[in-house]
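Me: I'm new to this one and I'd like a friendly walk through it. Can you show me how to read its features, one at a time?

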Amino acid sequence: MSNSYRVIDLSAWDRAQHCAVFRCANEIEAFLYRFLDGQAVLFDRIDTAFTYLNPDTGLFKAVNVPFVEDLEEYVALAAKTAREPTAYFTGPLGNDVFQCSALP
């Protein structure tokens, strides 16, 4: 007996993992609370941010992507957004993002 398999695009797999984790996090109300101007607030959605290693330059950059429920749509948007920005680490991330990073 043997299971079938298919080879996957690892860059898409990474983004798919992000989407799955961020979707779960957005379903947990406690993860949607933040402090804003000294007040506790409850966001209706938290967007996403991750670090991306540019294979051409070898440099990491922070990428902010609006959270999208649909897996394929999120993966496409995240891949497009990761390829496009030319700025690297432009400052602190917003208060309304989940960050997934290999960097501390």
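Reply: Happy to. Let's begin with pLDDT, which is the predictor's confidence in each residue, from 0 to 100. You need that idea here, since this is a predicted model.

Me: What is the mean pLDDT of the chain, then?

Reply: The chain averages 81, and 83% of its residues reach 70 or more.

Me: And where is confidence lowest, and where is it highest?

Reply: Helix H1, residues 10-26, comes out lowest with a mean of 74, while strand E2, residues 39-42, comes out highest at 94.

Me: Next up, charges. How many salt bridges does the structure hold?

Reply: The general idea is that side chains of opposite charge can pair when their charged atoms come close. In this structure there are three salt bridges. One of them joins the side chains of Arg23 and Glu69, at 3.7 Å from N to O. Arg23 sits in helix H1 and Glu69 in the loop between strand E4 (60-65) and helix H2 (71-83), so this pair ties together parts that are 46 residues apart in sequence.

Me: Which residue does Asp47 meet in a salt bridge?

Reply: That would be Arg45, with 2.7 Å from N to O. Asp47 has a relative accessibility of 15%, so it counts as buried, the cut-off being under 20%. Arg45, on the other hand, is partly exposed at 40%.

Me: And which residue pairs with Lys80?

Reply: Glu84, in a salt bridge of 3.1 Å from N to O. Lys80 is partly exposed, with 42% relative accessibility.

Me: Now the rings. How many aromatic pairs turn up in the whole structure?

Reply: For a pair of aromatic rings, you look at the distance of the centres and the angle of the planes. A search of the whole structure gives two such pairs. Phe22 and Phe98 make a stacked one, with 6.2 Å between centres and 5° between planes. Phe22 belongs to helix H1 and Phe98 to strand E5 (residues 97-100), so the pair links parts that lie 76 residues apart in sequence. Both Phe22 and Phe98 are buried.

Me: How are the rings of Phe67 and Tyr74 arranged?

Reply: They are tilted: 6.3 Å centre to centre, with 45° between the planes. Phe67 is buried at 6% relative accessible area, and Tyr74 is buried as well, at 0%.

Me: One last residue. Where is Leu77, and what is it in contact with?

Reply: Leu77 is in helix H2 and is partly exposed, at 28% relative accessible area. Beyond its neighbours within four places in sequence, Leu77 is in contact with Val65, Pro66 and Val68. Take Val65: it is 12 residues from Leu77 along the chain, and their C-alpha atoms are 7.3 Å apart.

Technical notes: Residues are numbered from 1 along each chain as its sequence is written. This is a predicted model: local features need pLDDT of at least 70, side-chain atom pairs count only at pLDDT 80 or more; totals for chains, interfaces and linings use all residues. Side-chain values use heavy atoms; hydrogens and water are left out. Helices (H or I, at least four residues) and strands (E, at least two) are DSSP runs, numbered from the N terminus. A salt bridge is a side-chain nitrogen of Lys or Arg within 4 Å of a carboxyl oxygen of Asp or Glu. Buried means under 20% relative accessible area, exposed over 50%, partly exposed in between (1.4 Å probe, protein chains only). Rings of Phe, Tyr and Trp (its six-membered ring) pair if their centres lie within 6.5 Å; planes under 30 degrees apart count as stacked, over 60 as edge-to-face and the rest as tilted. Contact means heavy atoms within 4.5 Å.
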